Amino acid sequence: MKYYIVIPAHNEQDLIGLTLQSLVSQTVLPSKVVVVNDNSTDKTEEVVLGFAKKNPYISVVNKTSDAIHLPGSKVIQAFQKGFETLDSDYDIIVKIDGDLIFPPNYFETIIKHFESDSKIGMVGGFCYIDKNGEWVLENLTDKDHIRGALKAYRKETFQQIGGLKPAMGWDTVDELLCKYYDWKIVTDQSLHVKHLKPTGANYNKTARYKQGEAFYTLGYGFWITAIASAKLAMMKKKPFLFLDYIKGFMKAKSAKTPLLVTPEQANFIRNYRWKKMKQKLI
């Protein structure tokens, strides 16, 4: 199976080289790697071009965008720009961040999962962060969720879910739509990926409201949003985030912000979320 990788990158000169080195060291190499240099003011492009000289399947695309870091929309717009430069001769499309180090067998293992069952639509490993010299699991999500930093999609699945949505919540809605269309999602706990910059390190107040807005646009409704917000605020050990999330939800509701899903999909998502919550309580 052929896989293509798109890497949105903004000011990653210190880390993108480590990511690319781990890609060119894979036991099964990617057919194409596109790095989208998104408004970088450092030497990100030079580092990528250095790799591209020796590895012709690596290329760089330059993009100009706002310097403001808004989670979701900016990164997916960059992904989209890179994706548009690719042909359709692939089996798996991968979106990764430019601050990861993959084990050498990562993509060989990912491919084996896809080959094992034609109903598997998404596969991913787990992100680990450095805590006092030890690599520990970056514990922000459930074990059945694939982090936004390392998403791999079967081509047919990617097309059916309509690609990636340029909004915060894109890395949740993709999985919920996978379930809606009856695709399986596989997470492999044997695949440990080093995440060099912990998630959300540079989010601001605007971004915090965005999380509540994301819950609204996923069609969660108020009560699921309240439960999800409380859980997330506790996981981040910042209880006041709960209020920011709820404010964001209410703002989006009063502004009648468009949903990322159809009414039927929203209904499915709410039922699915309630079912999952009940399972955890039992």
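The axes of helix α6 (residues 170-180) and helix α10 (residues 263-281) come within 10 Å and cross at roughly 95 degrees, with axes fitted as lines to C-alpha atoms over the stretch in contact and angles running from 0 to 180 degrees between N-to-C directions. The two are therefore roughly perpendicular, a label for angles of 65 to 115 degrees. On the α6 side, Thr172, Leu176, Leu177, Lys179 and Tyr180 meet Glu264, Gln265, Phe268, Ile269, Tyr272 and Arg273 of α10; contact here means heavy atoms within 4.5 Å.

This is a predicted model, where local features need pLDDT of at least 70, side-chain atom pairs count only at pLDDT 80 or more, and totals for chains, interfaces and linings use all residues. Residues are numbered from 1 along each chain as its sequence is written, and side-chain values use heavy atoms, leaving out hydrogens and water.

Back to α6 itself: nine of its eleven residues are buried, that is, under 20% relative accessible area with a 1.4 Å probe and protein chains only. Among them are Trp170, Val173 and Cys178. Just past the helix, aspartate 182 takes a positive phi of about 70 degrees.

Now for aspartate 89, which sits in the loop between α3 (73-83) and β4 (92-96); helices are DSSP runs of H or I with at least four residues, strands runs of E with at least two, numbered from the N terminus. Aspartate 89 is partly exposed at 47% relative accessible area, the class between 20% and 50%. Beyond neighbours within four places in sequence, aspartate 89 touches Lys2 and Tyr4.

Conventions: Parallel < 35°, antiparallel > 145°, perpendicular 65-115°, else oblique.
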